[in-house]
Amino acid sequence: MKVTATVDRLRREGVDVIDFGAGEPDFGTPASINAAAHAAIDQDFTKYTPVAGTVELRRAICDRYRLDYGVPLNEHEVITSAGGKQALYNTALTLFSRGDEVITHTPYWPTLTEQVKLAEATPVLVPTSARDGFAVTAGPILDAVTPRTRGIILNSPCNPTGALISEAELTILAKAAAARGIWLVADLCYEKLIYDPTPHNLPAVLAKHCREQSVICGSASKTYAMTGWRCGWTLGPAPVVAAQNAIQSHATSNVSSITQKAVAAALTGSQEPVAAMLKEYRTRRDNLHQWLTSDSRFRCTKPAGAFYLFLDVSEVQAQGGYASTTDFAQALLDESRVAVTPGEAFDAPGFVRISYATSMDNLREGSRRLLEFAARHAADAQTVR
């Protein structure tokens, strides 16, 4: 958000900035979804709805998960919220409290741990490694379990790395969680942005092995290019959903009634726009990865999902004499007018997150500027020596 605010300010001042910081699709919301929202307004569907969302929307979510994952749900196991972020926050407040430990993997989306702290619980961080593409595996997570462990939060595909947890590794975790009474929380907000044919039916794994001990948080934001519409959801045992309903009733109440109509149309309508966006993201990923790794000092595993490259810039950072990737990112913005998100935001110094949710022209020009920035600093370092 800080990167986005800085880019907005510079652009208002007339500065030509390439923004690689954005964590949202650059595509417009598909026309059929917009049409459903227009129809809702025309029909004066502008009043309060049930806190959990309309029955129509909750059934649409259930039907989508049944069709896509083979998981049967009913509307009492679903609550909609103001984006995936609120779904995760409601989950933290419902399940965790003072004295609890909650495990998650790093690099991580910082909201996850801050929400754990807001619930007065303690986050426990388990690192993953660039050497194996930041893959999330069960062993290190289970090694971190203590008698105080109340929950495990998984993010797959992961923001910022694009890494996945496999069905096999999740099965190990799910069986252990069920046996030990530990909650498994799956943040699947990027679940429809997986590039290659990979078994990733995480909802079915959770339903089979720990249905009464797991919660799934999802969102329309990334899948349907609806970040500003603010609609996410929680799937879980009916008592958990009821508790979240109580919390949300005293906070934000229902998701916008107009948004609910739009998301119902997104879930029940053609999924071809999702496939088209994924195809374009794949092309962008492949080109951006090729361009940037043409400089051997930039190292990066091609992400399996989401729409970010998580680039190891530690060598260039060292050559430039920057104490942190935050300093590196600021210099890149000041000198070359390219905005990236520094790795410290994700507990990963030495890396930057580059979003390819932008046009191919921007990716090409931003890559050129970034490579020139690196070459310039390499030349300066050689001159100093």
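This is a predicted model: local features need pLDDT of at least 70, side-chain atom pairs count only at pLDDT 80 or more; totals for chains, interfaces and linings use all residues.
Residues are numbered from 1 along each chain as its sequence is written, and side-chain values use heavy atoms, with hydrogens and water left out.

**Strands**

- Strands S9, S12 and S11 form, in that order, an open sheet of 3 strands with antiparallel pairing, where strands are DSSP runs of E of at least two residues and helices are runs of H or I of at least four, numbered from the N terminus.
- The edges of this sheet are S9 (308-312) and S11, each of which pairs on one side only; two strands count as paired if DSSP finds at least two bridges between them.
- S9 is joined to S12 (residues 351-355) by 5 bridges, and the two run antiparallel.
- Strand S2 (residues 78-81) pairs with S8 (residues 232-235) in the antiparallel sense over 4 bridges, and Thr 80 has Trp 233 of S8 as its bridge partner.
- S2 is covered on both faces, with Val 78 and Thr 80 buried on one side and Ile 79 and Ser 81 buried on the other; buried means under 20% relative accessible area, exposed over 50% and partly exposed in between, with a 1.4 Å probe and protein chains only.

**Helix H7**

- H7 (residues 167-180) has 14 residues, and its buried residues are Leu 170, Thr 171, Leu 173, Ala 174, Ala 176 and Ala 177.
- Those buried residues pack against helix H6 (138-143), strand S5 (149-155), strand S6 (183-187) and helix H8 (202-210), with contact taken as heavy atoms within 4.5 Å.
- Just after H7, Gly 181 takes a positive phi of about 70°.

- The largest pocket has a volume of about 1,300 Å³, a pocket being an open set of points on a 1 Å grid over the protein atoms alone, where a 1.4 Å probe fits, with protein on both sides within 12 Å along at least five of seven lines, and lining residues having an atom within 4 Å of a point.
- Of its 45 lining residues, Met 1, Gly 21, Gly 23, Trp 109 and Arg 353 are the closest to the centre, and H1 gives the largest share of the lining, 7 residues.
- The second largest pocket holds about 190 Å³ of space and is lined by 19 residues, with Gly 133, Ala 135, Ala 163, Leu 164 and Ala 304 nearest its centre.

Definitions and conventions:
The expected span of a helix is 1.5 Å times one less than its number of residues. Grid points are joined across faces, edges and corners, and a volume is the space filled by probe spheres set on the points.
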